[in-house]
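Welcome to this tour. Please open your viewer, and we will go from stop to stop together.

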Amino acid sequence: MSFVEVDEVSRVFHKRSLFSKSQGVQALKNVSLSIQQGETYALVGESGSGKSTLARIVVGVDNASSGQVSIAGHQISTSMPKENRRDIQMVFQSPYASLNPRWRVHDLVAEPLRAFGITQGRKATVQRVTELLEQVGLQADDARKFPHQFSGGQRQRISIARALSSNPKFIVCDEPTSALDVSVQAQVLNLLKDLQSELGLTYLFITHDLAVVKTMAHQIGVLKQGVLIEEQSADDLFASPQHQYTKDLLAAAPVLSVA
Amino acid sequence: MSLLEIEDLSVEFTSRRGVLRALDNVSLTLEAGEFLGMVGESGAGKSMTGNAILGLIDPPGKIVSGDIRLQGESIVKNPERIRGSHISMIFQDPLSSLNPLKTIGAQLIETIELHTPRRGTAARERAAELMTQIGVDADRLSAYPHQFSGGMRQRVVIALAMASEPEIIIADEPTTALDVSVQAQVLDLLREVCSAHGTSVILITHDMGVIGHWTDRVGVMYAGRLIEIGTTNDIIRSPRHPYTQGLIASTPTMDANVDTTLYQIPGNMPPLTAIPDGCAFNPRCPIAEDKCREVIPHLINDVACHLRSET
Amino acid sequence: MIARWLDSDFVYSLLRTPTALISLIICLVLAACALFAPWIAPTDPFDMSSIDLMNGFTPPGVANEFTGEQFFLGSDDQGRDLYSAILYGLRVSLFVGFASVILAMTLGVTLGLLAGYLGGWVDAVIMRIADIQMTFPSILVAMLIYGVARGILPPNARADMAITVLILSIGLSEWVSFARTVRGTTIVEKQKEYITASRLIGLSHLNIMARHILPNVINPILVIGTITLALAIIAEATLSFLGVGAPPTEPSLGTLIRVGQDFLFSGQWWIIFFPAVTLLVLALSFNLLGDWLRDFYNPRLS
C-alpha cells in the first residue's frame, strides 16, 4: 500500500435553503490516487476543479461524502485522533491569510509544538523555533516580529517553518507560490525541494502552473470539475498528454522558452 | 516623436517615516500600435508608472519631477482630459470597472457617446460591433455584469476600454485572477482587437510567460527604477542587466524536471524605505563593484548598469 | 517600551488629530474627577448633616444672602453645593456607563463569536433575537428590563439594587451592535487559511475562537465600545431624568438635570445648566474619540 491512499473520494456540498429543496453540488467524483513516500504528486486544476476541496479532505479538516483517505496507515477524518495529525501539515496559497496577524512568529511556529506536546518547557520551545527558522532561511530574532514585518516570500518561509515543526511526513502545498514574485518563487520552490530530500517528505502539490509542476512533480494528476481525468508520471504527461483538456492546458500555458 | 513619452518621471510619497521615492527618474517611450510590457516584483513601480500616466497618484503621493507627453503634449497638469478618452485602463478585477446596476449595453453606449461623435442609433450599432469583436453575441448587450463569467467579464472590459477609441490602453495585471486557459484567450483577444485599431498597450504583469507571449517590448523595473528596456526577444534571450538575467533564469521552464534546482537571486528586493546607495540591486548582484555601491547607474543604451551599458 | 509606544502609528495619528486629542484629554480629566470626587469635592453632597437648607438657591459665585456662603457653581434647592453634586453625579454616570458597556460587550462578543463561528441554527437564533431587539429603541428596551426587574425585586431591596438594575437594563439593551460586528468579522476571519492551519493540528473550536479569532475582533470592539459608552451615559441620564434610574440618594447627572428642570422657569437656571453641560461635554468627547478610533482602524472609510 502506498504512503498516501485516496480511495474513491466524493464530496457533495448541500446548499441549504429555507424555501427550496436542498440542492447538491458535486465537488469531487470518485477521485482515487496514491502517493509514494518521498515523492511529489502534483494535482493540476483550474478554479472550480475541486483541488482545494480534496486538499481539505486529505488533511482532515473536511470529510468526504463517500470514499476514504489513509496516510501512513491511518484513516483520515475530522474526528481522527490528535496524535495522528502530527504527520500531516499544510502550506497555503496566501502568505497574508495563512498567518494570524495578531501573533508573533515565535507563537505561530510554536503552536504545533504546544498542540502535540513536542517540546517541554519554554527554553526547549525557543530553541526548536530557532532551529526551524534557521532551517527555512530566517533568523533567530525574527521570532519576535509580527507577520506584517515580512515580505511575501519570507512569510511563506514562516508558514513552512510552522508546517515542519510537528515533524510531519506529508505536507499538502496548496498553490504555495502563486502569490509570489518569480524570483521569490524560485527560492521557495528550491527550499521545498531541499527539505524533501533532507527530511524525506512526501508532498501533494496543488497548482495551476504547469511550469512549476514540471520542476516539482514526480507524478501528475489533472483534475477537472471534480474528476481526475488523467494521471501519469511527470515525464510521460508532458511528452504525451492523453486527454484533450490536458493538451489544451499545455497549449495555453504561457511558459517561457529561452531556447 | 513617439506616441507617449515619459521623461525623468519621479513620484514621491511623504509619510511619517520620511520621503519614499516610488518612481525614480523613469524615462521610456511608447510607439503607436506597440505592446509594451512592464515587469517587476510587487512594489517595483510598474503599477505606479501606469497610475502616473493616468494621473491616478493620490496624496500623499506626488509627481515631483519629470514630464509625460501624449503626442508631444504634456498631460501631467490635466490628466482628466485624457483619462478614459485617449488612454483607457483595464484592471485585474473586471468588476471594479463595471457598474453592477447597468446593462453592458448601457455602459458601452454611455462611453461611446461621451468620447466619440456617435449618438443614438450610431452608438448602439457601434456597441453591437464591439461585442462582436470581443466574441460575444450582440444580444447580450442587455445582460448585466453578474451574468457573465470572469473571463467573459474581462472581455467586456476590453470592449469598454476600446469604446472610446483610445490611443493607449493600460492593462494592469488583466489576467492574474483568471485561469490559465482563459488567460490565453483574453490576451489573444486584446492583442487582436488592439492591432486592428492600431491601439498601443502597456501590459503590466509579474508573469514572465505573459511577457514572452504577448508583448513586443519590455521594460524591467526594480525598486522604483527602470533598469532595462528592449525588445521582448532580446530581453528574454540575451538579458544584460544582472537582475533581468536572474529573473529570466529563475523562471521555471519546460526544460526543467524534478532534479532541476532553479536559479535563485539571493535576498529580497529592498523596501522603498531602505534602498541602498548606488545601484539598488548591488547587494544581490553577483558582479557588483565599488562603483555600483556609490553611484546610481542611469539608463544608457537601454540598461541601467555600470558594467553592462557598453554595447 | 514607552519610547516604542510613543513612536507607534496610534500615538502619531492621535497627536495629529486635535479633536481626538482634546476629546481624550477631556475624557481623562472627567474620569479623574469622577474617580477622585471624594477628595476633590469641597463638600459631601450626600451627607445630610452638612447641608443647610438656608443655603438653597444660591447663584454661582454669589454669597448667600442669609448665610454669606459662596458656591463655585451655585447651590440647589436643598442648599447642596452643585459643584460637589456634579462631581459625585459624574461618578455615578461614568460607573453605570462603563459597567453597562462591559456587560454589553461581554454578552455581545460572546454571542457574536458563537453566531459567526458556529453558523447554522445557533447563528439564526442569536441574530433573530438581535433583529427583534433592534426594532425597539434601546431606551424602551432598557425601560422594559428596568420595569421587569423592579417587579421581581422585593420593595425593600429596590433602592439598594437601583444601580445594578440600571446597569443590567442598559447593558442588555446595547449588546446587539457588538454582536453584529463581531459576527461579521468572525465570518470573515473563519474562512482565512490560518484557521485551517490550526484546525489541521487538531485544536478545539473553543481554542480557535478564543486565541485566534478574538484577538482579530478587538479593534472594531474598541470602536463600538467607545461610542456605546457615550450612548450608555446618555441612556442612563435619560432613565434617571425620567425618574426610573439613579435614586435621589445617589444622584447621577441625569438625576441632577431632572431636579434642575423644576427650577428652570423660576430663574434658577444654574441647577440644570451645569449638570447638562457636563453631560454634553462627556458624551460628545466619547463620541468624537470613537469616531477617530474608527477612522484610525479603517482608513478607507474616512
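**First stop: a hidden space**

The lining of the largest cavity is made up of nine nonpolar residues, two polar ones and no charged ones. In this sorting, Ala, Val, Leu, Ile, Met, Phe, Trp, Tyr, Cys and Pro are nonpolar, Asp, Glu, Lys and Arg are charged, and the others, Gly among them, are polar. To see that lining, select P242(B), C279(B), N282(B), C285(B), I287(B), A288(B), C292(B), P297(B), C305(B), H306(B) and L307(B). A cavity is a set of points on a 1 Å grid over the protein atoms alone where a 1.4 Å probe fits but cannot get out, and its lining residues have an atom within 4 Å of a point. The volume here is about 60 Å³, where volume is the space filled by probe spheres set on the points, with grid points joined across faces, edges and corners. By this rule there are five cavities of 30 Å³ or more.

A word before moving on: this is a predicted model, in which local features need pLDDT of at least 70 and side-chain atom pairs count only at pLDDT 80 or more, while totals for chains, interfaces and linings use all residues. Residues are numbered from 1 along each chain as its sequence is written, chains are lettered from A and ligands numbered from 1 in the order in which they are written, and side-chain values use heavy atoms, leaving out hydrogens and water.

**Second stop: chain B against chain A**

Show chains A and B together. Here 40 residues of chain B are in contact (heavy atoms within 4.5 Å) with 34 residues of chain A. The two chains bury about 3100 Å², and carbon and sulfur atoms give 58% of that; buried area is the accessible area (1.4 Å probe) that two parts lose on being put together, summed over both. Now select V180(B), M254(B) and V258(B): in chain B they lose the most area to chain A, together 22% of what that side buries.

Next, colour α6 (208-214) of chain B, one of the elements that each supply at least two residues to this side. With six residues, α6(B) provides the largest share. Helices (H or I, at least four residues) and strands (E, at least two) are DSSP runs, numbered from the N terminus.

Now 16 residues of chain C are in contact with 25 residues of chain A. About 1900 Å² is buried between them, 54% of it on carbon and sulfur atoms. Pick out E193(C), L200(C) and I201(C), which supply 38% of the area that chain C buries against chain A, more than any other three residues.

Which elements give two or more residues to this side of chain C? They are α10 (193-199) and α11 (205-216), and α10(C) gives the most, with six residues.

**Last stop: two backbone details**

Most residues other than glycine have a negative phi, and most peptide bonds are trans. Zoom in on P59(B) and P60(B): the peptide bond from one to the other is cis, with omega near 5 degrees. P60(B) sits in the loop between α1 (46-53) and β4 (61-70) of chain B. Finally, jump to A72(A), which is not a glycine but has a positive phi of about 50 degrees. You will find A72(A) in the loop between β4 (66-71) and β5 (74-75) of chain A.

Note on methods. 1 Å grid on protein atoms, 1.4 Å probe; cavity = no way out; pocket = protein on both sides within 12 Å on 5 of 7 lines; lining within 4 Å.
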